[in-house]
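Here's a quick briefing to read alongside the model.

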Amino acid sequence: MEKKVDVTSKAVTEVLARTIEYLQPNPASRAKLTMLNTVSKIRGQVKNPGYPQSEGLLGECMIRHGKELGGESNFGDALLDAGESMKRLAEVKDSLDIEVKQNFIDPLQNLCDKDLKEIQHHLKKLEGRRLDFDYKKKRQGRIPDEELRQALEKFEESKEVAETSMHNLLETDIEQVSQLSALVDAQLDYHRQAVQILDELADKLKRRMREASSRPKREYKPKPREPFDLGEPEQSNGGFPCATAPKITASSSFRSSEKPIRTPSRSMPPLDQPSCKALYDFEPENAGELGFHEGDVITLTNQIDENWYEGMLHGQSGFFPLSYVEVLVPLPQ
């Protein structure tokens, strides 16, 4: 039973990790979402930002360029249709994420945090009582028999509790089958809706192609050129009067040789406090992020995780990626 429980624990842990990767395949976006959720908890925000679905990002791109092309463009109208469909796919993918989290990830996580953890506690306690009983058994005759009997009773009691907890887990594994079935049902529902959305989009695009092919083609007619009168040549440089060269005086010659005045550099915080220097421009994409330009020196106030810092610049506070900056004075450990 102990071996089966150990295999079950490993299976649940790895399946959980792989399921999250399946729902959120981009590791950078996954790390950023984790960081944003952590910041939201720190700030007491109820609504957490969602994972940026690739279908949604593609849809926004198509809609933006479709609007730029305008309604007179066949390609522009088609991009608008496709963009709206991609955004609908992203919404369906969000629903899949929620369903899988509620009906598959959360129950398995609860199994890890509660049942499997409890079994490990009982096994650890059993091992301690076994060692205690073995030690006292070797000293039999030198210790009271009552003490040895109590050690044996405690060992037998822990053994029974551990075996019961492992037996209950292994006998109720149909619950994990039910959770796996919920995962497959959510996937089926997602793919059914995705097929419906894509079928509708395919019909729209085919209809647009038929309409475009039935319309007569417009011929290009260049505008007639207007006559251009060069006029009589008055100046050797095309009719424009030559500007008189400025007089160079001794004083102006002296000033021109002086060094140019340098513009003051950006204010830097004193280097006795934690700070970093921006290596690249960073444009904030989410609320709470701090934007900056290459060369800015930012005061560090907190490290969110191994990838994100929180800092201040020009009186504004926010968080930003570590990969965009070079730490000048690190935060105290």
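Helices here are DSSP runs of H or I with at least four residues, strands are E runs of at least two, and both are numbered from the N terminus. This is a predicted model, so local features need pLDDT of at least 70 and side-chain atom pairs count only at pLDDT 80 or more, while totals for chains, interfaces and linings use all residues. Residues are numbered from 1 along each chain as its sequence is written, and side-chain values use heavy atoms, with hydrogens and water left out.

**Overall fold**
- The protein chain has seven helices and five strands, running α-α-α-α-α-α-α-β-β-β-β-β along the sequence.
- Of its 333 residues, 29% count as buried (buried is under 20% relative accessible area, exposed is over 50%, partly exposed is in between, with a 1.4 Å probe and protein chains only).
- Among contacts (heavy atoms within 4.5 Å) with a separation of 6 or more, 62% are between residues 24 or more positions apart.

**Salt bridges**
- The whole structure holds 16 salt bridges, each being a side-chain nitrogen of Lys or Arg within 4 Å of a carboxyl oxygen of Asp or Glu.
- E200 pairs with R88, with the closest N and O atoms 3.0 Å apart. This one links distant parts of the chain: E200 sits in helix α6 and R88 in helix α4, 112 residues apart.
- E200 is partly exposed at 33% relative accessibility, and R88 is partly exposed at 36%.
- E153 and R149 form a salt bridge with their closest N and O atoms 2.3 Å apart. They are four residues apart in helix α5 (residues 145-171), so about one helical turn separates them.
- R18 and E14 meet at 3.9 Å, N to O. These two are also four residues apart, in helix α1 (residues 2-23), and so about one helical turn separates them.

- Which residue has a positive phi although it is not a glycine? That's H314, at about 55°.
- Most residues other than glycine have a negative phi.
- H314 lies in the loop between β3 (308-313) and β4 (316-321), and H314 is exposed, with a relative accessible area of 67%.
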